[in-house]
Structures are given as C-alpha cells and as structure tokens.
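Let's take a walk through this structure together.

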Amino acid sequence: MEDFVLSYVVTGLAFWSTAFLVMRTLMPKRSYEFCNRAVSTMHAVTAVCMACLSVEDWSCPVCPLNAPSSQRQMKSLAVTLSYMIYDAGCCHLNGDVRLDNTVHHLVSIVGIGAGLAYQRCGTEMMACMFITEISSPLLHLREMLKEMGIKDTDLNLLVDILFAATFSVARMVGGPYLTYVTLTTDYPILIKATAAGLQLVSAYWFLRILRMVRYKLGKKKPAAKVDGK
C-alpha cells in the first residue's frame with residue numbers, strides 16, 4: 001500500500017472527528033445522531049463529487065475494468081475509508097450496534113481496504129462509492145427533519161419518496177449490475193465477497209424502504225379522505 005494512503009486515512013479520520021466536534025459545539029441543542037448525520041451528509045456529497053471527478057470517459061463511466069487504481073482513485077477511497085472508520089466508531093459510542101449497520105461498516109472497511117491493498121479495481125470501487133452514497137444525503141435529511149419537528153408533512157413525504165426512488169435505482173439497478181460484473185470477472189476473492197455482502201445489505205434495506213413507503217402512503221390516503229369531507 002502506498003504511503004500516501006495511510007496519510008490520507010489518518011488525516012481524514014482526524015478531519016471527520018473534528019467536524020463532528022464542531023457540529024456539537026455549533027448545535028448544542030441537537031442530538032448526537034443529528035450532528036453525526038450532518039457530518040455523514042458532508043461525506044456523502046464529497047464522495048459523490050470525487051466519484052464523478054474520477055471518471056476518465058463519460059461514454060463508459062465504469063471503464064476500464066479490473067485495472068490498476070489511479071492515484072486519484074486511491075486518494076478518494078482513502079478519504080471514504082477514513083470516514084467509514086470514523087462513522088463505525090461514532091455509532092458504537094452512541095450505542096448503535098444494530099447488526100445491519102455493523103455489517104455495512106465492516107464490509108465497507110474490509111472492501112475498501114482490500115482495494116487499496118491490491119491497488120486494483122479502482123474504477124469499480126469508485127462506481128460503488130457513487131452508488132452507495134448518492135442516496136445518503138436524502139437519507140440523513142429525512143431523519144434530521146424529524147428531529148426538527150418537520151414530521152408527517154408534505155415536505156417530509158417528498159423527501160421520503162425521493163430517497164426511496166434514488167436508493168432503489170442506485171442500489172437495486174446499478175448495484176446488481178456492478179455486483180454481477182465483479183463476481184464474473186477475475187477479481188481477488190475478498191473483493192468479490194465484499195461486493196456480494198454490500199448487495200445483500202442493500203437488498204435488506206430495500207425491503208425495509210418498501211415497507212416505509214407503503215406505510216407513509218397508507219397514512220396519507222385516510223387524511224385526504226377526511227379533508228375531502
């Protein structure tokens with residue numbers, strides 16, 4: 001592994017941790033989770049931008065496959081690895097030890113670490129970063145709106161629907177395609193295992209999101225009937 005990768009991970013870990021402490025200072029009345037989601041939103045936007053900037057040819061965004069990682073790709077992955085380590089620790093300190101969340105962090109850290117160690121599959125991993133983070137700002141926004149008291153409103157419903165749509169397209173259309181490419185190409189077994197693991201977690205979250213949307217729309221229909229009366 002290149003020396004600059006470790007430097008980026010350590011610096012990134014310090015940056016995300018400091019950003020969280022700043023959020024806690026600036027928003028003392030907001031919860032621990034709210035401040036962490038603010039930092040997570042910062043990372044999600046950064047990750048999507050880095051993924052887009054790493055594309056060499058927009059006529060084929062996921063090219064070349066199974067190629068040596070560029071320095072830009074490795075730096076971007078190191079930044080996200082530092083965030084995943086920060087977020088795993090932050091969630092643990094807050095008592096959030098849900099199995100799905102823990103598996104998500106573990107698979108992400110191992111997968112990114114493997115990609116950086118092998119110095120291969122940079123294109124595929126940047127595509128994965130885009131797919132997994134594109135819906136994250138909406139995910140965090142919907143939870144932050146709830147804490148701000150904006151719940152069961154048209155705005156809240158709109159954010160829920162946009163999040164569900166973005167997540168579904170990214171994780172259940174782009175995700176399976178990328179997983180298929182990874183599993184059917186000559187990649188290291190650890191890369192294949194993490195790709196499959198991330199897709200399984202995405203499928204589980206997708207089912208939960210479908211139930212959420214069904215519940216939200218079910219709540220909205222009776223309210224519309226009452227208003228009509």
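Cys 49 has 41% relative accessibility, so Cys 49 counts as partly exposed; buried means under 20% relative accessible area, exposed over 50%, and partly exposed in between (1.4 Å probe, protein chains only). The closest cysteine sulfur to that of Cys 49 belongs to Cys 52, and at 6.7 Å it is too far for a bond. Cys 91 is in no disulfide either, with the nearest cysteine sulfur, in Cys 90, 6.2 Å away. Cys 91 is buried, at a relative accessible area of 8%.

A word on the model itself: it is predicted, with local features needing pLDDT of at least 70 and side-chain atom pairs counting only at pLDDT 80 or more, while totals for chains, interfaces and linings use all residues. Residues are numbered from 1 along each chain as its sequence is written, and side-chain values use heavy atoms, leaving out hydrogens and water.

Which cysteines does a disulfide join? Taking a disulfide as a pair of cysteine sulfur atoms within 2.5 Å, the count is 1. Cys 60 and Cys 63 are the partners, with 1.7 Å from S to S. Cys 60 is partly exposed at 26%, and Cys 63 is partly exposed at 30%.

Now follow the chain to helix H6, residues 136-147. Helices (H or I, at least four residues) are DSSP runs, numbered from the N terminus. H6 has 12 residues and reaches 17 Å from its first C-alpha to its last, close to the expected 16 Å; the expected span is 1.5 Å times one less than the number of residues. Among the buried residues of H6 are Leu 138, Met 144 and Leu 145. Just after H6, Gly 149 takes a positive phi of about 90°.

Notes: Helices (H or I, at least four residues) and strands (E, at least two) are DSSP runs, numbered from the N terminus.
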